[in-house]
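Hi,

Here is the structure I promised to pass on to you.

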Amino acid sequence: MSQEAFANRMLKGVGVSSGIAIGKVYLLERGKVHITKHSIKPEQVEREVLRLLNAVKLATDELNHIKQSIPDDEMRKHAFIIDAHMLMLQDQFFLREVIDTIRKEAINTEWALEIVVNKFLVSFEKVEDLYLKERGRDLEHVYQRLLRMIVKGKESGTEIRNIRGKVIIVAHDLSPADTIQLNLKKTSGFITDVGGRTSHTSIVARALEIPAVVGTANITGMVRNNETVIIDGDAGVVIIGPTKDVEKEYMAKQLALNAQRRDFLRVAKLKSETKDGFKIKVGANIELLAEMDIVERYGAAGVGLYRTEYIYLSRKTLPTEMDHYHIYRKLAENSAIKYTTIRTLDIGGDKFASEIEVPKEINPAMGLRAIRLCIKEVDLFKAQLRGILKASVYGPLRILLPMISGMEEVRKAKAVIEECKEELRAEKIDFNDGIKVGVMIEVPAATMITDILAKEVDFFSIGTNDLIQYSLAIDRINEFVAYLYEPLHPAVLRMIKKTVEDAHANKIEVSICGEMAGESLYVPILLGLDLDELSMNAYAIPRVKKIIRGLSHNYCKDLVKEVLEKDSAKESENLVRQEMVRLFPDDFAKNFKP
Ligand code: PEP
Ligand code: MG
């Protein structure tokens, strides 16, 4: 076959960190450890148990060593990932299972380990939540490390630190320990066979703005060391062995993207204010503390939505009051942001944690989730609320209650908050008595009673993801009805309008924290509807700010009037798009995806 036949081979994966990287491959071949399986005699059982415990100790020592010698300052901030692996390694429940299997089955350590890990992995696989699924991969990394210790007595990972020159790391998977050992100055991109958006590698890549594509299925089988590859982190594409022309084309794209990013980062620091002086806060949605670097860099005024369920999903046991407190205190003390809105547990629906008993439901999106669960499991709720209250003395925290459908829920939740305050007073523990309590407006019924709710709470936050799901009766994770997901549907716009009017009539603020807030196409509509805050994925902030700064509030109000007279989402969308192409031709050109 000719040389050309091998050029420009394209591989599709999941783009998890934006940007373009062009460079030489460094193939990280960790290789799976092949294990032997055999039965053992009764007198050999304790020796096998010792082999296991010894390997656990060696693996822990090595992780400690990796943590101490992280080469890069930026990377050091992510060392908590190593701690999570150390905790998994020493998990008593897990170790007990392996030891019991060695003893009961009379088999060697490697085999027992494989049986137990597979059992755990099967449970992780069954979970629908992507974040939890990824934690199964963490277990796999820990398992492979343990096996290498048992079989070889030492880790073979020092090669990573010896990489010369700037490279694109290609691996089957990168463990957090691998990622953390990398010298970032030598890493221009990541490509892996497996992994998803919420794997640690993806999170770290995004936080450090290194282009990355994961889940390519077989990149490791398709490239050789030193071969040139291109990563397009936005399109989720990898090009192996690009021709000179393709390389040139991507270099130009890279230059344009870098210029755009520099531009954006400049805008990120500017005020979010329209040309005629209308101010609107631009906040960030976060799921993990690790995202705070990006939140600061991309110019968020504060955290408009902290989805705290990830605190529950990322561990095996329930977080304690102190766990909550430490996390929230870090946010409260962050002087780079002006406020943090902590949404109380919104578990159930499509997300659940193993420690929380939620009955199997046919229709979990409408089941015992979020505030309904918290009001039922008061101790669970109180641990989080007490953690928030205790941390509230260190900075401006706000409490946001999810899935409110009626006044009774608000009263019950507020009574629990009062109970926590009483307890803290009795224990002589300080808290901010004036902490603001708001509700999510995401159930259609709530939009019909915003005039009443506004008298009971300090702020509203509209969750358009659920509001659209419930009002238009379309499952937000069902691709077959995704075409019906229309933020400009007249019903949705009327609900937002009413919510804002009722909030303002009662002198409280209202924010939007659903995906709609981060889509630049909808910015003129949300400005015209007089929202006080738009909270979004941090990466969307500079673009949204740029649009805000290029519009006038009066113009937006007129546009909203016109849009509200349209009778379908399609017509409204056409009008808005046409206007945005006229006003921002560079950003809304034909192929531009807002
Ligand atoms: C929403 O429903 O719009 C929202 C912001 O919450 P979540 O996406 O976490 O349900
Ligand atoms: Mg929601």
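Below is what I found, starting with the ligand site.

A word on conventions: this is a predicted model, in which local features need pLDDT of at least 70, side-chain atom pairs count only at pLDDT 80 or more, and totals for chains, interfaces and linings use all residues. Residues are numbered from 1 along each chain as its sequence is written, chains are lettered from A and ligands numbered from 1 in the order in which they are written, and side-chain values use heavy atoms, with hydrogens and water left out.

Ligand 1 has 14 residues around it, and R307, R343, G463, N465 and R476 come nearest (a residue is near if one of its heavy atoms lies within 4 Å). By type, the shell holds 7 charged residues (Asp, Glu, Lys or Arg), 4 polar and 3 nonpolar; nonpolar covers Ala, Val, Leu, Ile, Met, Phe, Trp, Tyr, Cys and Pro, while the others, Gly among them, are polar. Helix α19 (464-471) and strand β10 (303-307) each give at least two shell residues, and α19 has the largest share, with 3. Helices (H or I, at least four residues) and strands (E, at least two) are DSSP runs, numbered from the N terminus.

Now for the polar contacts (pairs of N or O atoms within 3.5 Å). The side chain of R343 places an N or O atom 2.8 Å from an oxygen atom of ligand 1. Backbone atoms take part too: a polar one of T464 is 3.1 Å from a ligand 1 oxygen, and an N or O of D466 is 3.0 Å from one. The protein buries 99% of the 290 Å² that ligand 1 exposes when taken alone (Shrake-Rupley method, 1.4 Å probe).

Best wishes

Methods. A polar contact is a pair of N or O atoms within 3.5 Å; within protein, one must be able to donate a hydrogen and the other to accept it, and residues adjacent in sequence count only if both atoms are side-chain atoms.
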